[in-house]
Amino acid sequence: MKNSFECDGIAWAEALKQGVEAAYGAVDRPAEGTILTVAREAAVAALEAAQNTDDAAVVLKKTCEGAAVSLPLRQDGLSSGRAFLRGCLSGIVEPIFGMAT
């Protein structure tokens, strides 16, 4: 994506993967359950989605879903209503991108 003004779903997923690899490389002892885990799971979801489509809106939606399901929302003290709200908010990405493009 360097020197690029456009980004499709495949480029987004690859950039996210590279960012996660750089983040893990910058930490001496990466621990599970941290933001690194969330980023990794988001990248995995993005890469899986990019295998089926290059639509950036779809891949971004799946990225958000991958991040959301990796979060232990209830274990962190988030109420079930707020956890549900976060899940719902991740679903609005695709329609917004659809209107923007």
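Predicted model: local features only at pLDDT ≥ 70, side-chain atom pairs only at ≥ 80, totals over all residues.
## Overall fold

The protein is helical in its secondary structure: five helices and zero strands. Read from the N terminus, the elements run α-α-α-α-α. Two of these helices matter for much of what follows. Helix H2 covers 35-50 and helix H3 covers 56-70, with a loop between them.

Contacts reach across the sequence. Take the contacts between residues at least 6 apart in sequence: 59% of them join residues at least 24 apart.

## Surface and burial

The protein has 101 residues, and buried ones make up 26% of them.

## Thr-63 in helix H3

Thr-63 sits in helix H3. Its relative accessibility is 7%, so it counts as buried; the cut-off for that class is under 20%.

Which residues does Thr-63 contact, leaving aside its neighbours within four places in sequence? They are Trp-12, Leu-16, Ala-42 and Ala-46.

## Salt bridges: the count and the Arg-40 pair

The structure holds three salt bridges. One of them joins the side chains of Arg-40 and Glu-41, with an N to O distance of 3.2 Å.

Both partners fall in the intermediate accessibility class, which runs between 20% and 50%. Arg-40 is partly exposed at 26% relative accessibility. Glu-41 is partly exposed too, with a relative accessible area of 29%.

Glu-65 forms a salt bridge with Lys-61. The closest N and O atoms of this pair are 2.9 Å apart. Both residues lie in helix H3. They are four residues apart, about one turn of the helix.

Glu-65 also forms a salt bridge with Lys-62, where the closest N and O atoms are 3.5 Å apart. Why are Lys-62 and Glu-65 separated by about one helical turn? Because they are three residues apart in helix H3.

Lys-61 is buried, with a relative accessible area of 18%. Glu-65 counts as partly exposed at 23%. Lys-62 is partly exposed, with a relative accessible area of 36%. The cut-off at 20% puts Lys-61 in the buried class.

## A negative patch

Which residues form the negative surface patch? They are Glu-6, Asp-8, Asp-54 and Asp-55.

Where does Asp-54 lie? It is in the loop between helix H2 and helix H3. Asp-54 has a relative accessible area of 44%, so it is partly exposed. Patch members need over 30% relative accessible area and no salt bridge. At 44%, Asp-54 is over that area limit.

## Summary by element

Technical notes
Residues numbered from 1 in each chain as written. Heavy atoms only, no water. Patch = residues over 30% accessible without salt bridge, like charges linked within 9 Å, V, L, I, M, F, W, Y side chains within 5 Å. Areas by Shrake-Rupley, 256 points an atom, 1.4 Å probe, with all protein chains shown as cover. Salt bridge = Lys/Arg side-chain N within 4 Å of Asp/Glu carboxyl O. Lys, Arg positive; Asp, Glu negative; His and termini not counted. Charge placed at Lys NZ, Arg CZ, Asp CG, Glu CD. Helix = DSSP H or I, 4+ residues; strand = E, 2+ residues; numbered from the N terminus. Buried < 20%, exposed > 50% of the residue type's maximum accessible area, 1.4 Å probe, protein only. Contact = heavy atoms within 4.5 Å.
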